[in-house]
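Subject: Handing over the structure

Hi,

I am passing this structure on to you, and I hope you enjoy looking through it. Please open it below, and then read on for what turned up.

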Amino acid sequence: MKPTTLDKLSFLDLTRQNEFLEVEILDAVKTVIVESAFSGGPFTERFENEFAAYCNTRFATGVNSGTSALHLALLALGVGAGDEVIVPANTFIATALGVTYTGATPVFADCHPETWNIDPSSVESKITARTKVIIGVHLYGEPCDIQGIQEICRKRKLYFIEDAAQAHGALYDGKKIGGFGDLACFSFYPGKNLGAYGEGGAVNTDIPEFAERIKSLRNYGSPKKYHHDEIGFNMRMDGIQGAVLSVKLKYLDKWNERRRQIAALYREQIHLPEIKMQHLQENAASVFHLFVITVPERDAFINHLHQFNIFPGMHYPVPCHLQKAYQHLGYKTGDFPNAEYLSAHCLSLPMFPEMTDDEVNRVVDAVNCFKA
């Protein structure tokens, strides 16, 4: 196969989905405008009810971002200065930032070398008397080892938060993720499987006290208008995002199924021996928010794909423990070898539900003809 002048193919293209939804979205936004229900209100509440039902949880509380969801979830559990929260070293930095915002300290753990999700054996070695919460990230849409983390939490009397920012609709033991932890945090950043037309997030839980606390915290610490019981925040979901998400939620399972089809084609047809793919658990069903591979000669491989007008992503090239923002914690290169290898060699192939089979085959052919 020789390089061609085919159209640019990026790891994510939202324009096709936007075109498909244009009429429905504009109608939904117009309704919000007519009602002037811009901050919280009935459209946010409707989506909260729909999303709680979708995840089979009692409550879903909409907030202004996935990062805020993590921040408020931790506060609802009473996390603060002097506490420690264990998080994976290989995740988007928002997972750790939510911990830092509370005044607590993120304590990083390594990932499993095959699943790339947080490794329970690494978690065990990081627990101290100050540990209060373990956050398991369902990375790239593949659920983490929920059973392994739950067993540690039960044994050590710790809280479990699911960072489900990349895994809307993923399954574990036949159940949708979001109801396995004490709380679960979702992001609706536009590129997510369920993405807003701006920023958005939610915290799901079955525990009424946690849901009520988060509702208060997101609204200036005010359970009743002009009555402020604690120092809160302005972190409400806006009505337009609630309306947009209600429209898109109807299509989520269909979109996720298409992602699974694309992933199956990649996994069946890519034969380049240098490439390694994420191990998928038998009792889980990923929603393939990203299709990540590792390749030894990443720069050369990226340049090769560029010749075919294919532009992969990179999630994430610097692990959290080596970020400048956390250098004060004293971590160093070599502390988490699995996360560091993943960061140095990871690559995200094009993955979005509107991809055609021809485009998938184009990526497969380009990958398979790489010569190191």
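Two residues are said to be in contact when they have heavy atoms within 4.5 Å of each other. You will find Ala-94 in helix H4, which covers residues 94-101. Ala-94 is buried, because its relative accessible area is 9% and buried means under 20%. Leu-77 is 17 residues from Ala-94 along the chain, and the C-alpha atoms of the two are 18 Å apart.

Please keep in mind that this is a predicted model.

Here is the overall picture. The chain has 12 helices and 15 strands. Its radius of gyration is 21 Å, close to the 21 Å that the globule rule gives for 372 residues, so the chain is as compact as a globular protein of that length. The C-alpha trace spans about 70 × 55 × 35 Å along its principal axes. Of the 372 residues in the chain, 56% are buried. If you take the contacts between residues at least 6 apart in sequence, 72% of them join residues at least 24 apart.

Next, have a look at helix H8 (residues 239-249), which packs with helix H1 (residues 15-35) at an angle of about 135°, the axes being 9 Å apart. That angle makes H1 oblique to H8, and the crossing of the two is right-handed. On the H1 side, the residues that meet H8 are Gln-17, Leu-21, Glu-24, Ile-25, Ala-28, Val-29 and Val-32. Their partners in H8 are Gly-239, Ile-240, Ala-243, Val-244, Val-247 and Lys-248. Sorted by class, this contact has 9 nonpolar, 2 polar and 2 charged residues.

H8 also packs with H2: the axes of H2 and H8 come within 7 Å and cross at roughly 35°, and this crossing is left-handed. From H2, the contact is made by Phe-43, Thr-44, Arg-46, Phe-47, Glu-50, Phe-51 and Tyr-54. H8 contributes Gly-239, Gly-242, Ala-243, Leu-245, Ser-246 and Leu-249. By class, the contact of H2 with H8 divides into 7 nonpolar, 4 polar and 2 charged residues.

Last, a few backbone details. Most residues other than glycine have a negative phi, and most peptide bonds are trans. Which way does phi go at Asn-56, positive or negative? Phi of Asn-56 is near 60°, a positive value in a residue other than glycine. Asn-56 sits in the loop between helix H2 (42-55) and strand E2 (59-63), and with a relative accessible area of 59% Asn-56 is exposed.

Lys-157 has a positive phi too, near 55°. This residue lies in the loop between helix H6 (146-156) and strand E6 (159-163), and Lys-157 counts as exposed at 74% relative accessibility.

One peptide bond also deserves a look: the bond from His-315 to Tyr-316 is cis, with omega near 10°. Tyr-316 belongs to the loop between strand E14 (310-311) and helix H11 (337-345).

Happy exploring, and write back with any questions.

Best wishes

Methods. Residues numbered from 1 in each chain as written. Predicted model: local features only at pLDDT ≥ 70, side-chain atom pairs only at ≥ 80, totals over all residues. Heavy atoms only, no water. Axes fitted to C-alpha atoms, helices over the stretch in contact; angles between N-to-C directions. Helix = DSSP H or I, 4+ residues; strand = E, 2+ residues; numbered from the N terminus. Parallel < 35°, antiparallel > 145°, perpendicular 65-115°, else oblique. Left-handed = near helix turned anticlockwise from the far one by under 90°. Nonpolar A, V, L, I, M, F, W, Y, C, P; charged D, E, K, R; others polar. Buried < 20%, exposed > 50% of the residue type's maximum accessible area, 1.4 Å probe, protein only. Rg over C-alpha atoms; globule rule 2.2 N^0.38 Å.
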